[in-house]
Amino acid sequence: MRKQVILGNWKMNGNFAEIKSLCESLNRAVSDDAKADVAVCVPFVYVDYVRANVIKKIGLGAQNVSEHDNGAYTGEISASMLKDLSCEYVIVGHSERRTLFQESNQLVAKKAKKAIASGMKAIVCVGETLAERNEGELERVLTAQVEILFDVLSEKELEEVIIAYEPVWAIGTGLAATPEQVQSVHKFIRSVVTKSNELLAKSIRIVYGGSLKPSNAKTLLALEDVDGGLIGGASLKGEDFGEIINQAKCITC
Ligand code: PEP
């Protein structure tokens with residue numbers, strides 16, 4: 001039984017006035033008794049404001065974390081600092097960080113470990129580029145991105161991981177993967193987890209991200225191996241995000 005989780009990724013968007021109005025619209029659109037877990041991953045500097053200004057149902061997350069505990073790492077933010085601000089989730093290994101900041105599988109796994117050690121859940125993003133898919137590299141790429149987690153994290157730590165399958169070609173393009181593509185990749189990712197830990201494979205949440213929006217949420221969130229969504233663009237509009245949450249499947253209904 002896996003409870004769905006709907007996660008917003010605000011990226012580096014907004015100014016104070018926009019964040020304020022986004023919080024207000026989220027509070028109107030998200031109901032306290034939503035059936036899925038819900039959280040928004042916001043720019044570091046607004047974490048505290050969002051925490052104080054959204055309804056309790058909406059959990060808080062960040063979009064990155066340092067792989068170090070503390071010290072001379074100018075500009076970095078540690079996991080314990082995020083925990084101090086009541087963050088419950090941290091995104092690690094988003095494709096933008098892998099591409100623009102050269103984050104490796106090893107580094108992503110280390111960041112996940114730090115987040116979990118501080119008591120948060122790590123949302124580990126995985127996904128292939130279009131070239132990798134076209135060259136038949138999809139399974140090799142995903143296997144490497146997932147298997148590293150088993151090398152770096154303990155069995156207990158792995159329970160705090162959410163895997164976000166985000167095909168790079170679907171992020172921010174308006175072109176989501178088809179339901180067939182999504183189900184088949186999610187099933188494949190679960191099979192990779194099964195090889196290392198059969199029990200974990202049954203409970204780990206694998207969410208889909210990549211142009212998820214109100215018009216395709218119902219179909220994609222209903223798929224057997226989809227346990228929620230990671231939403232970029234559509235999470236910047238309270239009404240759209242609320243509509244997506246309403247399409248989450250409820251395992252107890
Ligand atoms: C993302 O950046 O994680 C994402 C899924 O973006 P979008 O929903 O805009 O494709």
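## Ground rules

Because the model is predicted, local features need pLDDT of at least 70 and side-chain atom pairs count only at pLDDT 80 or more, while totals for chains, interfaces and linings use all residues. Residues are numbered from 1 along each chain as its sequence is written, and side-chain values use heavy atoms, leaving out hydrogens and water.

## Aromatic pairs

Two aromatic pairs are present. Rings of Phe, Tyr and Trp (its six-membered ring) pair if their centres lie within 6.5 Å; planes under 30 degrees apart are stacked, over 60 edge-to-face, and the rest tilted. Phe 16 and Tyr 49 are edge-to-face, because their planes stand at 75°, with the centres 4.9 Å apart. Phe 16 belongs to helix α1 (residues 16–29) and Tyr 49 to helix α2 (residues 47–53), so this pair links parts 33 residues apart in sequence. Helices (H or I, at least four residues) and strands (E, at least two) are DSSP runs, numbered from the N terminus.

Tyr 165 and Tyr 208 make a tilted pair, at 6.3 Å between centres and 55° between planes. Tyr 165 is buried, at 0% relative accessible area, and Tyr 208 is buried at 0% too (buried is under 20%, exposed over 50%, partly exposed in between; 1.4 Å probe, protein chains only).

## Two arginines

Arg 97 sits over the face of Phe 101, 4.2 Å from the ring centre (NZ of Lys or CZ of Arg within 6 Å of the centre and within 35 degrees of the ring normal).
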